[in-house]
Amino acid sequence: MQMRIRVSLGSAVVLGLARAKMEDKPSTCYLLMAGDCRGDCGFCPQARSSRSDHKWLSRITWPTFAVTDLLRPERAELLRDSFARICIQTVVSPRRADQLQELVRLIRQTPGLGDIPISSSILPESTEEVGRLLAAGVERIGIPLDAANPWIFHQTKNGDYSRVYQLIKEAAMAYPGKISTHVIIGLGETEADAARVLQDFWSAGVRVGLFAFTPVPGTRLAKLPPPPLGQYRRIQVLNYLLATGLPMELTFSPDGRIRDFGYSRSELEGLLSAGTAFRTSGCPGCNRPYYNERPGQTMYNYPRPLTTLEIEKAFAELEL
Ligand code: SF4
């Protein structure tokens, strides 16, 4: 049977598979392996209990195409020239690793795509499975933790926090420089919770991609509001300082809000002057336009370099 794949609308537009107006183009080609997810994350339209259409993930749509159509020679050339990486998102299904391996094999044997970096967001069964996927041609594995404390994990996902946490760290130890994770801000964790998890992951060599919680109609958490912008900006700065290896001395208010990074206002302004801290974080080349935001509205993650005005605005939004 012919393999089919969901392609994010933005990626599909770049590849000439769909038409839509776009303010910012994706710099990674985002693919989603369709299927029935056994997971039940309260924020995800692919979840078992979700009443959303499965063409949604976060707040964007993912039309379906035949893989042969995606990888035909002229489109493969466009894919190679337009994107820094391919990201394959998977759902929790029993055959996800086999299907991923098959898709990676098809991509790798396509002329021009033999060495394009491929990331995959997957919950693997074990560290050994991570090894098999890397050997099959995946360049980075993103194992999503999503929730920044065990209680929130238990409330929003149907899994075992400690098992996923350990798996991420074990995989990072076994395959240094190859492991990423996703952390969603705004599920009810404190900034101190997020700081603990981010510091631990970065010191174990795990790259952290931040997401702002986005309520999607039809999901269990459809009524939870997105996080306050100030909270998100402070965690972005924290993630940036950790990613760049800059030292910091964090202090928190009694309710776990970051009060201080251990820098004076002008020192911090200098460190953040390029605006990189406020751009999308994750694997190299990943910009995820409009996963968490509507065009023209609050920009949690900027998918492109910020203007001087936007940098000043983002700095003010830190509310320090
Ligand atoms: S950080 Fe971006 S490229 Fe990496 S796994 Fe997550 S969505 Fe994919």
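Predicted model: local features only at pLDDT ≥ 70, side-chain atom pairs only at ≥ 80, totals over all residues.
Start at the ligand. Select Thr 28, Cys 87, Ser 119, Ser 121, Gly 142, Ser 180, His 182, Gly 209, Gly 282, Cys 283, Cys 286 and Arg 288: these are the residues around the ligand. Colour them by type, and the shell shows three nonpolar, eight polar and one charged residue. Next, select strand E7 (118–121) and strand E9 (179–185), each of which supplies at least two residues of this shell.

Now show the sheet. Eight strands form an open sheet with mixed pairing, in the order E5-E1-E2-E6-E7-E8-E9-E10. From one strand to the next, the twist averages 30°.

Go to strand E1 (residues 4–7) and strand E2 (residues 28–32), an antiparallel pair joined over two bridges. Within this pair, select Val 7, which stands opposite Leu 31 in E2. Then select helix H9 (residues 229–243), which packs on the sheet and touches E9 and E10. The direction of H9 makes about 170° with that of E10.

Finally, show the whole chain, with its eleven helices and twelve strands. Its radius of gyration is 19 Å, close to the 20 Å that the globule rule gives for 320 residues, so the chain is as compact as a globular protein of that length. The C-alpha atoms fill a box of roughly 60 × 40 × 40 Å along the principal axes. Of the 320 residues, 42% count as buried.

Technical notes
Residues numbered from 1 in each chain as written. Near = placed C-beta within 6 Å. Helix = DSSP H or I, 4+ residues; strand = E, 2+ residues; numbered from the N terminus. Nonpolar A, V, L, I, M, F, W, Y, C, P; charged D, E, K, R; others polar. Pairing = 2+ DSSP bridges. Axes fitted to C-alpha atoms, helices over the stretch in contact; angles between N-to-C directions. Contact = placed C-beta atoms within 7 Å. Rg over C-alpha atoms; globule rule 2.2 N^0.38 Å. Buried ≥ 20, exposed ≤ 12 C-beta atoms within 10 Å, placed from the backbone.
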